[in-house]
Structures are given as C-alpha cells and as structure tokens.
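Welcome! Below is a short tour of one structure, taken a region at a time. Keep the viewer open as you read.

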Amino acid sequence: MKILVAVKQIAALDEDFELREDGKDVDPDYLDYELNEWDDYSYEEALRIMEAGGEGEVEIVPVTVGPDEADDGLRRCLAKGGERGIRIWDDAITGSDPSAIARILVKVIEREQPDMVFAGTLSSDHSFAQTGMAIAAGLGWPHAAVVNHLEYKPGDSSAVVHRELEGGLEEKLSIDLPAVLTIQLGINDPRYASLRGIKQAKSKDIEVLSHGDLGLSDDDVGEKGSLSRVRRMVIPEKGQAEMIEGTAAEQAERVAQIVKELKGAA
Amino acid sequence: MIEPEHNSEEVTRVLFQDFPEWMVVSFYIVAFAAIAVFLYGCYVQIRKYRRGASVNIKDIGHGIADMVKSMLAHKTLKRRDKAAGHAHALIFFGFALLFIGTSIITLDYDITGPLLGLNFWHGSFYLWFSLVLDIAGVALIGGLLYMMYRRKWLALPKLDYARPDRSPEDPDYDRNSYRREDWAFLWTLIIIGITGYVLEAARLVWLAGDPTVWDYRWWSPVGTALAYVFQGLGMSAEGGEALRLYSWWIHGVLALAFIALIPFTKVKHIFTAMGSLALRDPTPSSRLPMVDLEGDKIGYNRITDFSWKHLLHLDACTKCGRCHEACPANATGYPLSPRDLVLSLREFAADKLEKGSLPKDGDALSVLGDGPNQIRSETLWACRTCSACVEICPVGIEHVPMITEMRRQLVEQGDMEPTVQTALQQIQKKGNSFGENKRKRPAWTKKLDFEIKDARKEPVDILWFVGDYASFDPRYQKVSQAFAKILNAAGIDFGILFEAEMTAGNDVRRVGEEGLYQHLAESNIETLEACDFQRVVTTDPHSFNTLKNEYPEFGGKYNVQHASTLIRKMLNSHEIKLKKKLSNNTVTFHDPCHLGRLNKGYDAPRESIQMLGANLVEMKRSRDNSFCCGAGGGRIWTPDPVDHEKPSENRMREAAEIEGLDTFVVSCPKCMNMFEDSVKSTGNEKNIKVREVIELVAECMGLDDAPEPADEKSTAEA
Ligand SMILES: Cc1cc2nc3c(=O)[nH]c(=O)nc-3n(C[C@H](O)[C@H](O)[C@H](O)COP(=O)(O)OP(=O)(O)OC[C@H]3O[C@@H](n4cnc5c(N)ncnc54)[C@H](O)[C@@H]3O)c2cc1C
Ligand SMILES: Cc1cc2nc3c(=O)[nH]c(=O)nc-3n(C[C@H](O)[C@H](O)[C@H](O)COP(=O)(O)OP(=O)(O)OC[C@H]3O[C@@H](n4cnc5c(N)ncnc54)[C@H](O)[C@@H]3O)c2cc1C
Ligand code: SF4
Ligand code: SF4
C-alpha cells in the first residue's frame, strides 16, 4: 500500500519584520522557511504505519508544492524514512491559494494512486485549514478532518479515526479507503531528524514536476486558478503593554491595582 | 655471609625435597593444566576484544610510560582514598615480588639449570632472596588485612553495590556475586600468603638439625619466628615434615588455581588495568571522538560497535566505586552510576562476546534497551558529561566518550526528551538553543554606552566569542555587559561576531547530535576565518572547551583563552585598576567542569578573586573534585524533576555550610543559571549572592550598573 503525505515548507516570521513594497506579503528577508509543524505529525503517523508493516509493504511519499527551498522540507521527512519525494513547482504556480494547490495535488494523487492521503489540519503561516479538505473534494474521496488518533493496520481496507470536536467531545468513525485525512497536532510524538540523517537523505530521489507535467494549464494554477487572492497585508495597531517589575509581592500588588482600575473603568 | 665451613651451593632450598616421584609428576601435571587454563582464558578474552571495532591508538609509547609511572607511584589509586591506595600498594608490590621470586626459582630449576647447567639460586643470592620475599609476604598480608577490614567494618557506601539504575525487581539488580568474588579473592590470596609462612616454618622445624638451613634461619625472619612458635607448641622434626608436606600442597595448588583463574575473575584487572591505563586518551572528555558522517552508522548501538579499546576498559574496572561516589547524577538520585554502567556493559560483553560464535540475530547485540545488562535511555540522558568519573577512575576508563557514543545512537533513533529535541531543532533552525532570532543575538550590547567593534568588519586583538547563554540569558547578559565594560575600561582592542555567531556546539556534541555539531563548528570556523584577530576569548567554559580542543580537528586552530585567564593577567599587569577591594566578603568558588576538570583552569579564577581581596573559602569538593552544577551534557535543556534534589541544590547546600559565606562565585553562564535557581530553592537567597568573577572585578573597578533610573522604579512602586 501507499501513503502520500502532503507537506508544506512554511514561512516563519521574525518578531520584527517589514512588509514587501507591494504590500501583499512580508518582505522575504524576514522569513525563515521550515516544515509546517502539522506535517511533522502527519509524516510521523505515516512512518509508524510503514514500520508496522513488513519490509517493503508500505510506501510513503512526501509531496510538496513549492520552489527549490522546499526540498529542504522533503529531505527532513526523508531523513526519517521513505525513499523518494515529489515536488511540484514552476513560476506559474506563484500566487496559488489552497484551491489551486489542492488541484495540483489531486493530479499527483491520481498519478500515484495512494491508498491514503495525509495532510496537516492547517499550516502555521496562512492557517487556511483547507488544502486537505479541498483535495478530498477534488478526488471525491471519503475524508476526515482534524484526526487526533488513527487505528490502522497495513492491509486493512478501512481505518478507524478519532476526531476532536468542540467542547472536549471526540468522534470515532470508520472510514473506507482510499481516503484523505487531515492530521491534528498531538496525534503522536514526532521523532527527531538528525542533521546527519537529513544530509544522508540528499541521496534520496526527489522528482520535480511542473504543472504542465501534470496536465494542468496556466489557468488552473496561480492567481488565475485560485478562488482568492491577497489584496493587501497590514500590521494591526498594537495595544499598549506594561512590563511589571519588582519583587513578587510588588508585582502582585500592581496586577491587583490594574484589575481594580479596569473594573472601575468598565 | 656464608660461613666458611659451608659450601655456598648447599645454602639453598632443595625443591621437592624428599618427594616421591609420583608427587613431583603430579605437581607438574597440575602446573601445566593451570597454565593451559590460563592461556585458554587469555585467548577467550583477546577474542572478545577483537570482536570490537578497530580504533587508532595514538602515541602508545607515551601511554605505556605514563602507565608505568602511575603504577609505580600508585598515584591514581591514592587519590581521595589514601589508605586504600597504600594498602593496594602493599598488596601489589608484595604480590609482584613474590611472583617474580617464584619465577626466578622456575627459571633456575626448570630452565637455566637443566638447559645450561647454570644454577644461581643459592648462597648469598638465595639469602637475600629469602629476606626480600619474607618482607614481601608481610606487605601482601598486611595490605590484604586492611582491605578486609575496610570491606567489613568501614561499610563504605561506594562498596555496597547498590544500583541507582535498577530496582530490586529487575533480574540484573542483584550484585551479590561481586561481593562473594571480592571476598574469595581476598581470602585466597591471604591463605596463599599464610600457607607460605607455615610451609617455611614447618621446613625449618623439620630441618632444624641441618646447619645449612638452621644457621641461616634469620634470613627468613617471619618463618623463623613462626618455627619457634611451632617448636614451643611441641612440634617435632617429624611433625614439621608432615606439616610441610600438607602446607606445600595447599600453597602450591591454591597459587596455581589463582593463576589459572586470572582471566576468568576480577584478578584479570592486573592485566586489563595496565592495558587500560596505557591506552587511555589523555583528553577523553574534552575532545570527543570524531565521526565520519558519511559512514553507514554512527555511535554505539551493538556491543560490537564498541572499540576494542573500550571493551578492554570495561574489563579494567575494579569496582572501586570512586566514580560512583563522584557522580552528580548518582548523588542526587538519578538512574545513573558510571560504575554500574561500566559493569552492565562488561556483563553484556562477556555474555555475548565470550562464546565461540556471535549470536545469529544481530539485534541481540544491542546494548540499548531495558533488558538485562542493557543500558536504558534514561540512564544515558541523566549524564551531565561532567567528567568527574573519568577524572577519578584509577584505571583510566573513558565513561564520557562511551556515553556520548551511545547517545549518538539515541539521537539517530530520535530517542530523547522532547525538550532536548526542541532545543536541537531550534539550533538547527536558528543557530541558538533559545529559539531566538539570529538578529537578537547582540541585543545585550544595546545597553552599553559605547559601541563594540564588529570583528567581521575590522581587525581586533581579541575576538570575543560570546556564546548562547551569555548572549540570551537575561541574568548572564549583565555579566556580558560587565565584561565589555572591563575590556573597554582597560583599553583592550576587542570585537564580537554579532548575529554571525552561532552556538559553539559543545553541548550539542555532548548530547550526541554529531551532525549538527559538525555543521555548527564548520559554520563558526568559516565565520572566524574571514576575521582578523590574534586570539579568541570567551566567558563561557563550554564554548571555550570546544573552541580550544575540538575546533582544531575541523581546521579552526586559534589561540583560545577563557575570560578568567585574561582577567588574572590584566589584574597582575594592573591594566585593571581597582577602586575598592572586597575585604569584607567571604566567598567561595565553584569550579565549572569545562573550565576546571576538562581544562585544568583551576587557578586563574581563584587568584583573581584573591587579588580582589576577598576571603576565599573552599568548599569540601573543589578543583578536580568539584561537583557539577547539573547543566552539562545538554541537561540544561531538560528541566530536572521537582521531586528530588537537583545537583545545583546539593552544591548550594554544601556551600551554605561555610560559616559567614556571603557570595557564591561562578565562572560560567550555565552555572549561573543553575545556581540562581538553587540559591532560591534551598532558601539561601537572603544570605548568599550568586555572582560571576567578572561581576566582582567590575564592582571593584567601580563599573557596576548605575542605580536604576527613577522612572522604572516608579512603575514598580506605583
Ligand atoms: C516555499 C513555498 C513558497 C510559496 N510561495 C508562495 C508565494 O509566493 N505565493 C503564493 O501565493 N503561494 C506560495 N506558496 C503556496 C501557497 O501559499 C500555500 O501552499 C497555500 O496557500 C496553502 O494554504 P495554507 O498554507 O493555508 O495551507 P493549509 O490548508 O492550512 O495547509 C494544511 C496542509 O495542507 C497541505 N499543504 C498546504 N500547502 C501545501 C503545499 N504547497 N504543498 C503540499 N501540501 C500542502 C499540507 O499537508 C499542510 O499541512 C508557496 C508554498 C511554499 C511551500
Ligand atoms: C482556522 C480554521 C480552523 C478550522 N478548524 C476546524 C476544525 O477544528 N474542525 C473542522 O472540522 N473544521 C475546521 N475548519 C474548517 C474546515 O477545514 C472546513 O471548512 C470544514 O471541514 C467544513 O466542514 P464543517 O463540517 O466544519 O462545516 P459545515 O458543516 O460544512 O458548515 C459550514 C457552513 O455550511 C453551511 N451549512 C452546513 N450545514 C448546513 C445545513 N444543514 N443547512 C444549511 N447550511 C448548512 C452553513 O453555512 C455552515 O456555517 C477550520 C477552518 C479554519 C479556517
Ligand atoms: S560524566 Fe558526570 S554525570 Fe556523567 S556519569 Fe560521569 S560523573 Fe556521572
Ligand atoms: S569505573 Fe573506574 S572509578 Fe568507577 S568503579 Fe570502576 S575502576 Fe572504579
């Protein structure tokens, strides 16, 4: 069986940053790229299924849509396990929103024919929480969002998933494969990828595709293929903070005073 | 010496005197059997070592010379246990002389006599020989008696074999077999010694009528005294003859059995300890073993991954317990004792590698796990790589490199505390363990009223490598500022690397993340190579250690100094001008492991403190016996559990015993971090201040922080 794991190299923001001149994004100087935290968990979940299976029984393939630097994220995954990765990029893809990203990933999935697709519940930069669900919609596959526990043995034709609902409620459902799952933080304890492992993963194969290779036209990707586009980014006004210093007693006194002031004002 | 009426050749001891031939033959059969068993045992041991990984031994000549020196002086054995060291010297030299003596007899009787017709064991040589061996026997028995007394009545905790890393339910908890072996060893040797004298005395009683024996009796003073006792008790010549025959056989068979059993018992430490000392790396903890990252494996997982040298080290352990006693993890209830780690590995190696063939299933060779004699990951992660164990081990065992090698495997398998994982990930991403942005690294300099030179842009005399904790820890930032002010006031030409500096990686390497360490070392060296400077100075002993001892292997060869050395020099040369002295202060100094034990930097901070006029009182454990603050080896990234004492609390309580102590002086950012906590958690906050040597100097120079501006205060008081 095969599991495809959609992973994303996200942009992490400095505490102090500036916006790009066109005002549509952050100045790339202030961005560090790293793997989306959720994807560490979804990849770990895939690794565990792979390890539970016999030698060569389960294949896991990380896939990303992103430029060259996104290879780093794939390698971080491959350092932990898996033999090959796929990256899709060309300039036309720039400006894609989750619906366009999902359209690309759907094509990859149709080609690879995995039994399961894992995506993170959301990504820590844009927080759309839509890519996974949009993939499921594109494929017409069963899906479950925000999975925090997965019971699956390699070879089974269905999986049992637990989902976290509001108010501490948990839903347990069984889902037929093939299916798309979006994985929530805390489902497992992701392992550490040592730098040596990451370096050695350089010898593993990463296939690079363009949207054309997948049979998509320019209109399917980028801004043209998206349902939304960024018009402007702004930094909201910050509220005033006060640093409270002194001994614990002095600090407590000050806090009490502030509470009183606010109560008085309300 | 020899009376004129006696033929010198007759003044000797006739071997096998009056033995029937079958008895002599039986003796030779027993002797050859013993030697065969001994040789087979040696073969099994050597085969075991050869199953370990290969290793480059540098400078073996030097190693052997050092080993001989420390053996003759018994230097390593006398440290921190003088009495045991002296007793061991008595046993060692007594045993060695007796062994040489017996070999001389064999040489004369079985080799040079029959082959060359050359016999020399008679006359005055024989008499001197007798006297020396008689004294050697006294030494041996005296030493053994003290050791028995020590084991039985001193009840030393380091000898009780209690294990912190196992609970009584575990199958490998019980170490009583060691205790039995210890006693069997002592009793066997002492009986060999005593039967030697009995035999000697019985022979004298028997041959009292033979002047070539009796006239020279006082050359064997102990045997003669005992012979008088026997005679006093009414023993006849015939009685002496019979006793001599019995005691001869008991003595002979025991001695041969002892030799036969050497390779199978703790007695083998005679050889393994010598080997271990000769092969010891002089800097095992300050320069950890290099790794080829391209190789197909890393670290120690299987027992066969251990170098043959480390396998030999394991067999050298004499269970003396010195490391067990010195280990801060063991002292504060963590599941680690360096002694038990070594002994578990030794049992494991014996179990897997002494058989004719290796187990078919390679995984059965893995030393990492919860099974019998395996090493648990919690044990490995409890180590602070403080090197207290390596420092005191009398036989030169290298615990720290072995622990690091095993951790390298754990890191590769991702088996570590989540907090350590987070720290390593932060370092991978940002080059510092605080997860702070690179740009924030020099933020502490903003509070200074002068600019620090950017060593990347202009030449400097001193390149100050600041390090992670000195850059980001809010408490230690004050020390960094004070150091900058001192250098500035003294007119020193210095600069820093600002955001280009990455953590030096000392602790990353000690955690076992070798790939990340090498990346950090290479990146920092690349940055340093592009700068123009004369020497590197750092306040951080961790950075100091790796820059000085480990960077050279990556091509970064610099003149590296710890700040305390620079401070002492500037105090001596009056580049530092003191406006006041600390004559009213009673202070103590805590040696940071990486400055003290690992780099022998004991004196510079002490002399600096004394030049400031403070009354420096030492703690009980100081210098090479300093007790780690608990932060080393990456432990700073794992919060200590709240339910038992932290090493830093143990240490602070020790300091608090000093009467009138007002200042606990540190010389390391990580120590500072640990002790600022423990001074509070042990309730000593009111009486004792934790301060850096640098802060004391700055205070005496009148460079302390100006009183806080009034407006900040008013916020706190409003
Ligand atoms: C390095 C990089 C640079 C990019 N630069 C631009 C840019 O300049 N302009 C632009 O408009 N878009 C860019 N994109 C693509 C795009 O911004 C996002 O991937 C897309 O908007 C997804 O939305 P989200 O981040 O909210 O995803 P979410 O739906 O919140 O993500 C949740 C999960 O969806 C999956 N996922 C999301 N994105 C991807 C992906 N790209 N590849 C594989 N799986 C994914 C992952 O499993 C992830 O955990 C870039 C992507 C990358 C990786
Ligand atoms: C930041 C963020 C966090 C998210 N977190 C979660 C999460 O924790 N869990 C999660 O499941 N999804 C989450 N999502 C949304 C998610 O990915 C999809 O949008 C979601 O899966 C759609 O399914 P749903 O069951 O939540 O919504 P739906 O049940 O489809 O409801 C959405 C809307 O559809 C309409 N609708 C639904 N049912 C009816 C009806 N009977 N009659 C008329 N109108 C109807 C209503 O307008 C309703 O508001 C998150 C989205 C974001 C942006
Ligand atoms: S290095 Fe220190 S903490 Fe580690 S085993 Fe040795 S003495 Fe114990
Ligand atoms: S390892 Fe060294 S110090 Fe520790 S018990 Fe063995 S011989 Fe003694």
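## A sheet in chain B

Two strands are said to pair if DSSP finds at least two bridges between them. In this predicted model, strand β8 of chain B, residues 663–666, is joined to β9(B) by four bridges, and the two run parallel. One residue pair to look for is B:V666, whose bridge partner in β9(B) is B:E692.

These strands belong to an open sheet of four in chain B, ordered β7-β6-β8-β9 with parallel pairing. Its edges are β7 (615–616) and β9 (689–692) of chain B, each of which pairs on one side only.

## Helix α22

Now move to helix α22 of chain B, which covers residues 514–529. Its 16 residues reach 22 Å from the first C-alpha to the last, close to the 22 Å expected at 1.5 Å a residue. At the start of α22(B), a side-chain oxygen of B:E513 comes to within 3.2 Å of the backbone nitrogen of B:G515.

Because 12 of its 16 residues are buried, α22(B) is largely enclosed by the rest of the structure. Among the buried residues are B:L516, B:Y517, B:L520, B:I525 and B:L528, along with B:E514 and B:N524.

## Two ligand shells

The residues surrounding ligand 3 include B:C327, B:C383, B:C386 and B:C389, together with B:R384 and B:V400. By class, this shell around ligand 3 has nine nonpolar, two polar and one charged.

Around ligand 4 you will find, among others, B:C317, B:C320, B:C323 and B:C393, as well as B:K319, B:R339 and B:H399. The shell of ligand 4 divides into seven nonpolar, three polar and two charged residues.

Note on methods. Residues are numbered from 1 along each chain as its sequence is written. Chains are lettered from A and ligands numbered from 1 in the order in which they are written. This is a predicted model: local features need pLDDT of at least 70, side-chain atom pairs count only at pLDDT 80 or more; totals for chains, interfaces and linings use all residues. Side-chain values use heavy atoms; hydrogens and water are left out. A residue is near a molecule or strand if one of its heavy atoms lies within 4 Å of it. Ala, Val, Leu, Ile, Met, Phe, Trp, Tyr, Cys and Pro count as nonpolar, Asp, Glu, Lys and Arg as charged, and the others, Gly among them, as polar. The expected span of a helix is 1.5 Å times one less than its number of residues. Buried means under 20% relative accessible area, exposed over 50%, partly exposed in between (1.4 Å probe, protein chains only). A polar contact is a pair of N or O atoms within 3.5 Å; within protein, one must be able to donate a hydrogen and the other to accept it, and residues adjacent in sequence count only if both atoms are side-chain atoms.
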